[in-house]
Amino acid sequence: MRPFDGSRVLLVVTGGIAAYKSVILMRRLIEHGAEVDVVMTEAAEQMVGAVTFSALSGRPVKRSLWEEPLAHIDLGRDADAIVVAPATANIIAKLANGLADDLASATLLAAEAPILVAPAMNTRMWENPATQANVEALSSAGLVLVGPASGPLAEGESGPGRMEEPETILAHLGRLLEQNSVLRGQRVVVTAGPTLAPLDPVRFVGNRSSGRMGFALAASAWRRGADVVLVCGPTRVDPPVGPRVVRVEKAEEMLDALRAELDGTAVLVMAAAVADFRSESPRTGKLKKENLAGIDIRLTAGPDLLAETLKQRRAASVFTLGFALETEDGPANASRKLHDKGMDMVALNPAGEPDSGFDVVTNRVTIIDRNGLVEELPLLAKHEVADRLLDRVEERLGGGAE
Ligand code: CTP
């Protein structure tokens, strides 16, 4: 999976209890197509056996400066990215001060590849001014620090010091590997999930959107280095690591959030399944059972978010990618929506097919844009659809997506 497929990652494991989580991190990297070399310190081997890493990676673990005289130079040179996980106070101090007295520290000192550091230590060691100064020095030097998270620590205390979860480190590593996107540093707003039309304090009219397509787009944009705002209706699926999440329920709330975020935005992705109606008169008290038989619920049109933001989007030159969910006359309806709603690109999405659309992990879309592009994509995982769509967006913004 992009961007790990074919990349070389060097995993440096130092002596924290969290070293067992680095085994999972390594497995996830390999599953995503990365080649992983592992360097362990002597202290790390007190926590997890080197054989665990070598058996799972299929490559020998490097442990000493003296096994292969130039390993510390080669390892750092050959890697596309380096991740130090867990990173103890000791390796952070060595790295900040240029010490090189074992294979791990010498490799890090000689490395040219970008480095991600995932600290893990006791809270008081983390909060010690010496550690904080070292961490500050690493940040200033351009290293990426992920964590530590707060929570229960091995020694029974609680506070900042836990190594971040492997999935979180993986997401940040993806962003580190993908350096050349035109979306880097740009603001991208993505809407996702359903919006609800409340009938009373406990009931609503909604739709089956899981939010997965929008989440995949937000994750892909964030991985490309964008500053992503994810405006998201109620979903059961967790949003991805990275984007700033703004939670809403009703279409009107999603519209308010959009209006507040649009200025300064380069790309708007409207993946939300916005409810097209609202209840004419939502009740303030719960509708009682005895009054439900034969009840008439009158619905009225809700706001069209794209129509409502058209002027603001044009004034701010926001490139807009939307979806068209259709059961019939797909291409014609999608092209009409593209023009009527002032979109720059639309993903035509057939509704009612078991393997695409709502609440499944795959999707089949056709990309249509204002320049006459019509590109039918095969059935793909939603994260792959998201990548293809954003590649096209990048091309349109003048970038170099392949
Ligand atoms: N959309 C919107 N506001 C709405 C409804 C939809 O901004 N009230 C956006 C969607 O996020 C999507 C695009 O408009 O990007 C098209 O949505 P779709 O549901 O396909 O079309 P509708 O406008 O709802 O039209 P219809 O229901 O007639 O197909």
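Predicted model: local features only at pLDDT ≥ 70, side-chain atom pairs only at ≥ 80, totals over all residues.
Colleague: Happy with that! How far apart are the end C-alpha atoms of helix α9?

Modeller: Helices are DSSP runs of H or I with at least four residues, strands are runs of E with at least two, and both are numbered from the N terminus. The expected span of a helix is 1.5 Å times one less than its number of residues, so the 12 residues of α9 (residues 166–177) should span 16 Å. The model agrees, with the end C-alpha atoms 16 Å apart.

Colleague: And which elements are among those covering the buried residues of α9?

Modeller: Buried means under 20% relative accessible area, exposed over 50%, and partly exposed in between, using a 1.4 Å probe and protein chains only. In α9 the buried residues are Pro-166, Thr-168, Ile-169, Leu-170, Leu-173, Gly-174, Leu-176 and Leu-177. Their cover, counted by contact (heavy atoms within 4.5 Å), includes β1, α1, β3, β4, β5 and α10.

Colleague: Nice. Which residue forms a salt bridge with Arg-28?

Modeller: A salt bridge here is a side-chain nitrogen of Lys or Arg within 4 Å of a carboxyl oxygen of Asp or Glu. For Arg-28, the closest N and O atoms of the pair are 2.5 Å apart. This pair links distant parts of the chain, 139 residues apart, with Arg-28 in helix α1 and its partner in helix α9. That partner is Glu-167.

Colleague: What about Asp-200, buried or partly exposed?

Modeller: Asp-200 meets Arg-203 in a salt bridge of 2.6 Å, N to O. Arg-203 is partly exposed at 28%. Asp-200 has 4% relative accessibility, so Asp-200 counts as buried.

Colleague: Last one: about how many helical turns separate Glu-395 and Arg-392?

Modeller: Their side chains meet in a salt bridge of 2.8 Å, N to O. Because Glu-395 and Arg-392 are three residues apart in helix α14 (residues 382–396), the separation is about one helical turn.

Terms used: Residues numbered from 1 in each chain as written. Heavy atoms only, no water.
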